[in-house]
Amino acid sequence: MTLLITVFAAIITTVVWYTRADEKMRLGTLCLMYWGASLMWLVDAAAEYLEIGAEYFTPAAEDMINDAYLGFSVVALGLVIWLAIVLIKDPKGKIKKQLTQKN
């Protein structure tokens, strides 16, 4: 489930990045984070398959729920990191404008 969730997040983010092509919003960074997580989970799945064999394809329901929770947590953490990068870089200057505006 973790692999599936992160691959879907990577694909969706890549499509948005490709169609929008807005370099200021750093969507490429988000794409790379999700593709990196997907690659990590792919290696993990391959190692687990080599270890336990065909049983890999029949996980228990509890394991699937735990994996789904972990996958959504990884996607959320990626979004939080990306949001922090965007807020720090302030590509459109809105935060700087609000902070320097006099009342």
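## Helix 1 and Thr14

Helices here are DSSP runs of H or I with at least four residues, numbered from the N terminus. In this predicted model, helix 1 covers residues 2-20 and includes Thr14.

The relative accessibility of Thr14 is 24%, and Thr14 therefore counts as partly exposed, a class that lies between the limits of 20% and 50%. Leaving out residues up to four places away in sequence, Thr14 touches Cys31 and Trp35. Between Thr14 and Val75 there are 61 residues of separation in sequence, while their C-alpha atoms are 14 Å apart in space.

## The nonpolar core

Val75 belongs to the largest nonpolar core, which has 10 residues in all. Helix 3 gives the most, with four residues. In soluble globular proteins, nonpolar side chains tend to be buried together.

## Aromatic residues

Two aromatic pairs are present in the structure. In the pair of Tyr56 and Phe57, the ring centres are 5.3 Å apart and the planes stand at 80 degrees, so the pair is edge-to-face; the cut-off for this class is over 60 degrees.

Tyr56 and Phe57 also form one aromatic cluster with Tyr49. Tyr56 has a relative accessible area of 26% and is partly exposed, whereas Phe57, at 58%, is exposed.

Key
Residues numbered from 1 in each chain as written. Predicted model: local features only at pLDDT ≥ 70, side-chain atom pairs only at ≥ 80, totals over all residues. Heavy atoms only, no water. Helix = DSSP H or I, 4+ residues; strand = E, 2+ residues; numbered from the N terminus. Buried < 20%, exposed > 50% of the residue type's maximum accessible area, 1.4 Å probe, protein only. Contact = heavy atoms within 4.5 Å. Core = buried A, V, L, I, M, F, W, Y, C linked by side-chain atoms within 4.5 Å. Phe/Tyr/Trp six-rings, centres within 6.5 Å; stacked < 30°, edge-to-face > 60°.
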